[in-house]
Amino acid sequence: MSLPGIGKTDQIKANTKNKELKVKDKIKRIFREQFLKEPLMVFAPGRINLIGDHTDYNSGFVLPAAINRGIFMALAENGTDSCKLVSLDMGEAVEVNLKNSLRPTNTGWANYIIGVMDGLRNQGLEFNGFDAVFGGNIPIGSGLSSSAALECAAVLGISRLSGNEISENDMISIAQKAEHEFAGVKCGIMDQFASIMGKEDNAMRLDCRSLRYEYLPLDLKDCGFVLLDTKVSHSLGNSQYNKRREECCEGLNTIRKKHPKASSFRELTMEMLEDSKNELTEKVYNRCSFVLEENNRVIRAGAYLRSGLGKEFGQLMYASHEGLSNLYEVSCCELDLLVESARRLKPVYGARMMGGGFGGCTLNLIANKGKEKSISQLRQSFETAFGRKPGVYEVNVIDGARII
Ligand code: GLA
């Protein structure tokens, strides 16, 4: 039931705003109780990606948007040479001495923050000891980029605390480097870019080679995005993620022997790929053809988006999932089942796995008319197949990281 005077979308926005305020207030309260100080509060969002996965590290295009689920962080300087980092959701704390060189620890979540601290230092941006408490409303390991949200909250928070001016591009690259060097995932630029540069009710069409981007308004009057979470944590996918990156590199290097002009996937054509087919293993050939096709889909999807979200856009989402599952092999049976079930439901225009893969969420574009029924049918199919419930999240598209 809608509240009088506000439509359904507005009501969802109002409800989620309330929940966000609660998380924010809780983190602030705990910080005050623990450190007896008034903190600086930062929020950095996670992201959805409408289409274009595994294209970012192949100099391609992506179409992400920042969402109202992310990381809240409370920080304040403490007048010492040490930093106390507290993860509320993990119930753990880590202390880092700034006199020592910064290195990855055995505590996974802390590495994202320490990696950012190291990146700031390497840019010559000095900061003093500080205390930080963070938590969020973003499910971890579900393909919504909780790690990028944490890195981006840290880079914005620490730089602001120390009074350093830092450009958005520098924040993005420090956050990405933290993931490479301190978490060991050779990720592309999409997640950190979306978390910093997101814009309310807009997706971003980002050229990951030039970092040029444009905002594309999302017309969500008749339909909306719903996430279905398999709750299969994709952490095991990290090594497979790096492997995919290597396979693409291998493919490109082989093709370049015949076609030296193809210095990246952007110059590569299907003809060049076909021409080198005999020199490639079937696996590497499949990886490369997926990347070329997916890039093409992002370009077409951008054009559809300009005339509104609907069935045509949805068809590209289904095609993207098929490629991710069969050619790129980053899906899993839970994701495949959700997408197959979605295909049978008329109100679902499109569905696909999203992000690195090996678990996490599917993104579903569903017509408002019939949405509730479709969600419950998807839930039911999942429960029948796997004997447990999937997560269901309706998300709003919001602005990027900010001081709150
Ligand atoms: C992860 C990475 C991104 C991107 C996606 C797949 O989310 O962090 O850089 O490669 O996987 O599109």
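Ala, Val, Leu, Ile, Met, Phe, Trp, Tyr, Cys and Pro are counted here as nonpolar, Asp, Glu, Lys and Arg as charged, and the others, Gly among them, as polar.

**View 1. The largest pocket of this predicted model lies between two domains.** Domain 1 (10–219) and domain 2 (223–394) both contribute residues to the lining of the largest pocket, so the pocket lies between them. The space in the largest pocket comes to about 720 Å³, and of the 38 residues that line it, Tyr112, Ser146, Ser147, Glu179 and His234 are the closest to its centre. At least two lining residues come from each of helix H2 (108–122), helix H3 (146–161), helix H5 (190–197) and helix H6 (237–258). By class, the lining of the largest pocket comprises 14 nonpolar, 18 polar and six charged residues.

**View 2. The largest cavity is lined in part by H2 and helix H4 (168–182).** One cavity of 30 Å³ or more is found when the whole structure is searched, and the largest cavity holds about 30 Å³ of space. Its lining is formed by Gly115, Asp118, Gly119, Asn122, Lys177, Ala178, Glu181 and Phe182, a set that divides into two nonpolar, three polar and three charged residues.

**View 3. The buried residues of helix H11 (residues 371–386) line one face of the helix.** The end C-alpha atoms of H11 are 22 Å apart, which agrees with the 22 Å that its 16 residues should span at 1.5 Å a residue. Lys371, Ser374, Ile375, Leu378 and Phe382 are the buried residues of H11; seen down the helix axis, these fall within an arc of 100°, so they line one face. Lys373 and Thr384, on the other side of H11, are exposed.

Note on methods. Residues are numbered from 1 along each chain as its sequence is written. This is a predicted model: local features need pLDDT of at least 70, side-chain atom pairs count only at pLDDT 80 or more; totals for chains, interfaces and linings use all residues. Side-chain values use heavy atoms; hydrogens and water are left out. On a 1 Å grid over the protein atoms alone, a cavity is a set of points where a 1.4 Å probe fits but cannot get out, and a pocket is an open set with protein on both sides within 12 Å along at least five of seven lines; lining residues have an atom within 4 Å of a point. Grid points are joined across faces, edges and corners, and a volume is the space filled by probe spheres set on the points. Helices (H or I, at least four residues) and strands (E, at least two) are DSSP runs, numbered from the N terminus. Domain bounds come from an automatic or database domain assignment. The expected span of a helix is 1.5 Å times one less than its number of residues. Buried means under 20% relative accessible area, exposed over 50%, partly exposed in between (1.4 Å probe, protein chains only). The arc is that of the directions from the helix axis to the C-beta atoms.
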